[in-house]
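Student: I would like to learn how to read a model of this kind, feature by feature. Could we begin with charged side chains and then turn to helices and sheets?

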Amino acid sequence: MASHRKPRQRPLTGGTVRTAATLALAGAATATLFDGSSQAEPGLTPAQVKAKVDRLYEEAEAATEQYNGAREKTGRAQRSLDALRDEAARKTAKLNTARNALGSLAASQYRSGSLGPAMQLALADDPEEYLARAALIERAGDRNAAEIAAVRRQVGEVRALQDKAATTLAELRTQQTRLARHKATVEGKLAEAKRLLNRLTAEQRARIEAEDGHGGGSADPARAARSAGRTVAPPPAKAVAAPSSRAAQAVAFAYGAIGKPYVWGATGPNAYDCSGLTQAAWRSAGVTLPRTTYTQINTGSRISRSQLAPGDLVFFYSGVSHVGLYIGGGKMIHAPRPGSTVRVASIDDMPWAGAARPV
C-alpha cells in the first residue's frame with residue numbers, strides 16, 4: 001500500500017541556513033533600494049520603463065541641484081577656513097615677537113638689579129633730578145604697560161580666530177557629509193535608471209534617448225544633423241531678438257553649447273548640467289548667476305510667462321529642479337538629463353514653475 005505521508009524534510013545545516021539568510025537579505029536589499037523603485041517588474045512595457053526612467057531622472061536632477069548647493073557651500077567654508085588659519089598664523093607670529101620683546105625687557109631689568117621707582121626717586125640728590133627721573137620712569141611705565149596691553153589684546157585676537165576657525169571647520173564637515181549624501185542619491189537614481197534601460201532593446205533605448213527625458217520633448221536637432229552628415233551653426237548674437245546685448249550674448253553662448261553632453265554637476269566648457277549651462281551662458285555676458293536652480297530663480301526680477309524674452313531663465317517642476325534659457329517662440333535651450341546633450345526644446349514639455357530675468 002502506497003504511503004500518503006509527507007516526505008521527511010532534511011534539516012538545514014548551519015551553512016545552508018547562512019546561505020538562505022544571505023540570499024533573503026540580498027533580495028530584500030535589492031527590493032527596497034532607491035525607495036522601492038528597483039523591485040523586479042518583468043512585465044513593464046517600454047512606455048512604462050520610460051515613465052519610470054523619466055521620474056528617476058527628475059529625482060536625480062533635484063538631488064543634483066542639492067549637491068551643487070552643498071558643493072558651493074563646502075567650497076566657501078573651505079576658503080573661509082584657509083583664510084582664518086592664515087590670519088591666525090600671522091597674528092600668532094606677531095604675538096610671539098611681542099612676547100619675546102616683553103620677556104627680554106623683564107630679563108634685562110632683573111639682571112641689572114634695577115631699583116623700584118619709589119626708591120629711585122628717594123635717592124635723587126636735588127629737585128631737578130627728582131623731576132627728571134620721575135618723568136623718565138613714568139614714560140617707561142607707560143611704555144611697559146602699553147606693551148603688556150598689546151600682548152593681551154593679541155592673545156585675545158588669536159583665541160577669537162581659533163574659535164572662529166573651529167566653528168568653520170565644523171560647518172565644513174557638515175557640508176561634506178551633505179555633499180556625500182546628495183552624491184550617493186544622484187548616483188543611485190542614475191544607476192537604477194540605467195538598470196531599467198538595459199531591459200530594453202537597443203532600438204527602444206535609442207528612441208527614449210532621442211527624447212529630452214522630461215515628458216516626451218523634441219529630439220536633439222544637433223544630433224540629428226550630425227547623423228545626417230550636416231552641421232548646425234549657432235546664429236550670430238546680433239540676429240537674436242533679445243532685450244539687451246547681454247541677453248543676446250547669453251543666448252548665443254547657449255546655441256554654441258548645443259550637442260555638448262549633460263554631466264551632472266558640470267559647469268563647462270565640455271559638459272553641463274541644467275543650471276551649469278545657464279550660469280555659463282550668462283557668465284559669458286559678464287553676469288554672475290548663483291549655482292543652483294533654486295537660487296537662480298531669485299536672480300534679477302521675476303517675470304510672468306507672457307513677458308518672456310530671449311535670455312530669460314525658465315524653471316520647471318514644483319521643486320524648481322530644472323532650468324533652461326529661453327530663446328523665443330516658446331522654445332528654450334537646456335541640458336536635459338544624463339545620457340542626453342544640450343538641445344532646443346519646448347517650454348511646454350515640463351511642468352512650469354516660473355521665470356526670471358537676470359538683468
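Tutor: Helices here are DSSP runs of H or I with at least four residues, strands are runs of E with at least two, and both are numbered from the N terminus. The model is a predicted one, in which local features need pLDDT of at least 70 and side-chain atom pairs count only at pLDDT 80 or more, whereas totals for chains, interfaces and linings use all residues. Residues are numbered from 1 along each chain as its sequence is written, and side-chain values use heavy atoms, leaving out hydrogens and water.

Student: By this rule, to what does the count of salt bridges come?

Tutor: Side chains of opposite charge can pair when their charged atoms come close. The rule asks for a side-chain nitrogen of Lys or Arg within 4 Å of a carboxyl oxygen of Asp or Glu, and by it the count comes to 9 salt bridges.

Student: At what angle do the axes of helix 7 and helix 8 cross?

Tutor: Two packed helices are described by the angle between their axes and the distance between the axes. The axes of helix 7 (residues 245-257) and helix 8 (residues 274-283) cross at roughly 130° and come within 7 Å; axes are lines fitted to C-alpha atoms, for helices over the stretch in contact, and angles run from 0 to 180 degrees between N-to-C directions. Helix 7 and helix 8 are therefore oblique to each other, the class left over once angles under 35 degrees are called roughly parallel, over 145 roughly antiparallel and 65 to 115 roughly perpendicular.

Student: Which residues of helix 7 and helix 8 meet?

Tutor: R246, A247, A250, F253 and A257 in helix 7 meet L277, A280, A281 and W282 in helix 8, where contact means heavy atoms within 4.5 Å.

Student: What is the order of the strands in the open sheet?

Tutor: The 6 strands follow the order 1-6-2-3-4-5, with antiparallel pairing, and two strands pair if DSSP finds at least two bridges between them. Strand 1 and strand 5 (343-346) stand at the edges, each with a single partner strand, so one side of each has no neighbour in the sheet. Helix 8 packs on the sheet, touching strand 2, strand 3 (322-328) and strand 4 (331-334), and its direction makes about 45° with that of strand 3.
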